[in-house]
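Grab the viewer and work through these exercises, each with a solution to check yourself against.

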Protein chains: 2
Amino acid sequence: MQTTEAAQRAKQASRSMLSATHDERNLLLEKLKALLIEKQEAIYDANRQDLTDAQSEQLAAPLLKRLKFDQGKLHSLCEGLDSLIRLPDPLSKVDLRREITPGLVLERHACPIGVIGVIFESRPDALIQIGSLCIKSGNAFLLKGGREALNTNRVLIGLIQEAGKDILPDGFCALLETREDVQSLLSLDHLIDLIVPRGSNAFIRYIMENTKIPVMGHADGICHTYIDRDADTDMAVQVTVDAKCQALAVCNATETLLVHADAAERILPPLFAALIDRGVELRGCERTRRICACKPAEEADWRTEYLDAILSVKIVDSLEEAIWHINTYGSHHTDAIITENDAAAARFMQLVDSAGVYRNCSTRFADGYRYGFGAEVGISTGKLHARGPVGVEGLCTYKYLLCGSGQTVSQMQDGTCRYTHKDL
Amino acid sequence: MQTTEAAQRAKQASRSMLSATHDERNLLLEKLKALLIEKQEAIYDANRQDLTDAQSEQLAAPLLKRLKFDQGKLHSLCEGLDSLIRLPDPLSKVDLRREITPGLVLERHACPIGVIGVIFESRPDALIQIGSLCIKSGNAFLLKGGREALNTNRVLIGLIQEAGKDILPDGFCALLETREDVQSLLSLDHLIDLIVPRGSNAFIRYIMENTKIPVMGHADGICHTYIDRDADTDMAVQVTVDAKCQALAVCNATETLLVHADAAERILPPLFAALIDRGVELRGCERTRRICACKPAEEADWRTEYLDAILSVKIVDSLEEAIWHINTYGSHHTDAIITENDAAAARFMQLVDSAGVYRNCSTRFADGYRYGFGAEVGISTGKLHARGPVGVEGLCTYKYLLCGSGQTVSQMQDGTCRYTHKDL
């Protein structure tokens with residue numbers, strides 16, 4: 001009931017937010033930044049309480065680290081807000097302007113999607129990041145954070161609401177607090193236009209399977225690096241080590257390495273040495289194990305997102321086999337080829353069916369900030385609407401505006417007027 | 001089982017279709033056009049049988065008309081193919097090109113969505129129209145037409161397959177024939193990327209509620225024309241008559257007329273005269289009926305898509321009330337304002353939350369052909385991916401290509417390289 005009411009208010013707010021100018025939306029973000037700094041002690045206090053509660057409930061250390069809100073996180077949030085403010089207005093885009101018949105002009109204008117429901121786990125700084133992307137793109141939003149961050153989240157949503165006072169209509173954002181609220185949210189397909197879930201695979205899969213509302217996100221990140229016959233050895237080692245080890249529990253880390261048979265004896269020994277040096281456990285196919293000792297990989301390994309210091313390794317006989325393996329076992333997230341051969345690279349980039357297809361660089365680059373989007377709401381492995389890292393642009397849709405002086409379709413049919421379809 | 005196999009073959013075909021050039025896809029469309037002309041007698045023969053069967057089953061006259069495939073339909077199909085061939089390659093679009101760091105370049109390239117499932121009712125010419133849009137955009141497709149058009153559809157799909165021989169891989173398109181096939185299709189969310197349903201409201205609603213696959217389409221077309229205080233009388237009459245009467249059983253016909261109180265006495269009498277002259281039944285609110293005699297409109301009328309010669313009429317006290325009514329009762333399809341007042345028009349176009357928002361022209365313009373898209377797959381009232389009339393562009397997605405020379409995220413973090421994010 002409470003959730004429905006919050007969603008109704010958000011829907012209503014979203015309609016009047018359509019007239020908020022870019023300066024107004026940026027002013028809100030400026031005020032939010034100032035409030036975060038001014039009220040930082042209140043945030044730390046609330047966060048300390050969350051941390052104490054979490055420790056007494058024996059939350060795991062990595063979760064505690066994500067839960068903690070300190071000066072470092074405040075600093076990067078403020079930097080993020082600054083770069084978001086500097087981005088051009090995503091709602092100013094007019095990407096089609098066409099004369100339909102003299103005096104009748106069609107334009108396609110960007111506009112907000114409406115009401116975004118965001119469901120995320122422990123990190124309280126995600127609340128500010130995602131909320132600010134919604135504000136920049138003129139969307140109303142409902143946020144449901146992790147239960148363990150409730151005190152911190154309450155303070156943070158209060159700051160967003162305070163920053164929005166006199167700029168956006170009341171109800172433009174709200175915090176949902178209980179697990180039951182999530183259930184209600186997922187059922188409100190007449191009020192919520194898009195759900196953005198952030199969290200574990202199982203969690204996102206659950207969301208996707210339990211709502212009629214469009215969901216933007218990714219469940220799995222099974223990324224590949226393929227070392228082609230014509231790969232440079234040093235580059236192959238350097239890029240693969242980065243793709244696997246630069247961070248472990250992330251969706252864009254490489255989980256399976258494919259190596260062309262003709263390059264395996266040259267590249268696998270130094271590569272394995274470097275990976276083992278970094279503490280990576282290797283699981284290889286039979287042919288791999290004939291070159292370098294390691295655990296055997298099973299069929300299930302090709303479908304596994306380890307999110308850990310584990311890499312599965314397979315030798316393939318051709319570029320085509322590598323492409324087939326990626327399209328079959330991958331999750332269409334991000335896959336890379338290492339090669340000096342332009343033709344092989346072009347074919348790989350054309351035929352691999354993933355949101356990101358890379359040549360000679362680390363899969364770890366798949367990220368909204370690294371792409372220059374300011375920040376990201378998430379990374380989409382769906383093919384519709386938005387694919388790959390999603391920034392403010394993915395929180396926008398468009399509408400067609402048609403302006404005339406009394407034109408009718410009858411006039412077009414009877415020949416009084418004729419279609420010119422001239423792009424202006 | 002048969003459907004699953006067809007879908008698997010289509011999925012496989014869709015992967016190798018990624019390397020089909022624009023010339024090849026256009027060649028297929030040229031061949032298809034030639035075959036339609038060459039084999040027209042076979043099409044008419046099959047169609048005659050469908051018509052005979054339909055008559056013996058006492059199909060309604062409008063359905064028989066839709067079912068009929070004659071020289072007129074062949075002629076417009078060929079014209080449609082010509083205009084589609086002339087359209088630029090939708091897969092050649094590169095709408096982002098950015099240096100991430102020196103030597104590392106990010107590009108966003110258009111690409112096909114993959115496998116499209118199209119479910120449509122009686123009109124067999126729709127098979128060619130939608131099939132050709134899928135071919136132009138490089139998608140594999142499965143088509144399920146109306147049972148009553150089965151013989152015609154079999155001949156038509158055969159022509160598409162013949163035209164595709166030696167150009168696209170086998171299995172790039174297939175015809176599904178039974179109602180059970182539709183059930184299977186809707187369950188194949190791992191093989192089908194998008195469902196495009198065409199047909200009645202109830203049919204489309206059924207599809208949307210019975211699949212996890214994204215559905216692109218519209219259930220309702222409850223379009224409005226709002227006559228503002230500052231509307232020109234003649235224009236208001238001419239545009240409203242066209243919006244209601246130019247065609248009746250179409251989603252972009254106006255179903256509800258809103259009139260500003262200050263313009264009602266001036267405009268309603270001549271407008272009602274013109275509409276009654278065209279045989280339109282009027283259903284007015286109380287205030288309307290004080291000016292012009294007509295049946296009373298009930299609350300349910302504001303939510304009804306008549307698809308018939310009926311128009312509901314409501315007097316509103318302000319532009320804001322008109323916008324509120326449209327956003328509350330409409331289906332976010334297409335809505336128009338008639339006004340000479342620029343400020344009122346701007347506010348209407350900003351605040352009405354519909355795929356098409358028009359000024360001083362007929363809602364009947366909401367159509368892919370009229371927008372210059374060559375043809376349309378359908379009109380989307382969803383807000384994600386594609387909105388409004390959807391042509392080849394709506395059958396495309398994009399992928400990010402990132403090309404480097406060994407760049408790693410570690411280098412970015414340790415300061416060896418830095419982000420430049422320079423658009424090229």
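**Exercise 1.** Find which residue stands opposite Tyr358(A) in S16(B).

*Solution.* Start at Tyr358(A): the residue opposite is Leu402(B) in S16(B). Now widen the view to the strands, where S13(A) and strand S16 (residues 396-407) of chain B pair in the parallel sense over five bridges. Pairing here takes at least two bridges found by DSSP, and strands (E, at least two residues) and helices (H or I, at least four) are DSSP runs numbered from the N terminus.

Before going on, note that this is a predicted model, where local features need pLDDT of at least 70, side-chain atom pairs count only at pLDDT 80 or more, and totals for chains, interfaces and linings use all residues. Residues are numbered from 1 along each chain as its sequence is written, while chains are lettered from A and ligands numbered from 1 in the order in which they are written.

**Exercise 2.** Work out how many residues each chain gives to the contact, and which element of chain A gives the most.

*Solution.* First the totals: 56 residues come from chain A and 56 residues from chain B, with contact meaning C-beta atoms, placed from the backbone, within 7 Å. Next, the elements giving two or more residues on the chain A side include strand S1 (94-101), helix H10 (233-245) and strand S13 (356-361). S16(A) gives the most, with 11 residues. Last, sort that side by class: 24 nonpolar, 21 polar and 11 charged residues (Ala, Val, Leu, Ile, Met, Phe, Trp, Tyr, Cys and Pro count as nonpolar, Asp, Glu, Lys and Arg as charged, the others, Gly among them, as polar).

**Exercise 3.** Give the strand order of the open four-stranded sheet in chain B, and explain why S5 and S6 each have a side without a neighbour.

*Solution.* Reading across, you get S5-S4-S3-S6 (chain B), with parallel pairing. Strand S5 (173-176) and strand S6 (194-197) of chain B sit at the edges with a single partner strand each, so one side of each has no neighbour in the sheet. Neighbouring strands are turned by 20° against each other on average, direction ignored (axes are lines fitted to C-alpha atoms, for helices over the stretch in contact, and angles run from 0 to 180 degrees between N-to-C directions). Zoom in on strand S3 (residues 115-119) of chain B: four bridges join it to S6(B), and Ile119(B) stands opposite Pro197(B).

Methods
Contact = placed C-beta atoms within 7 Å.
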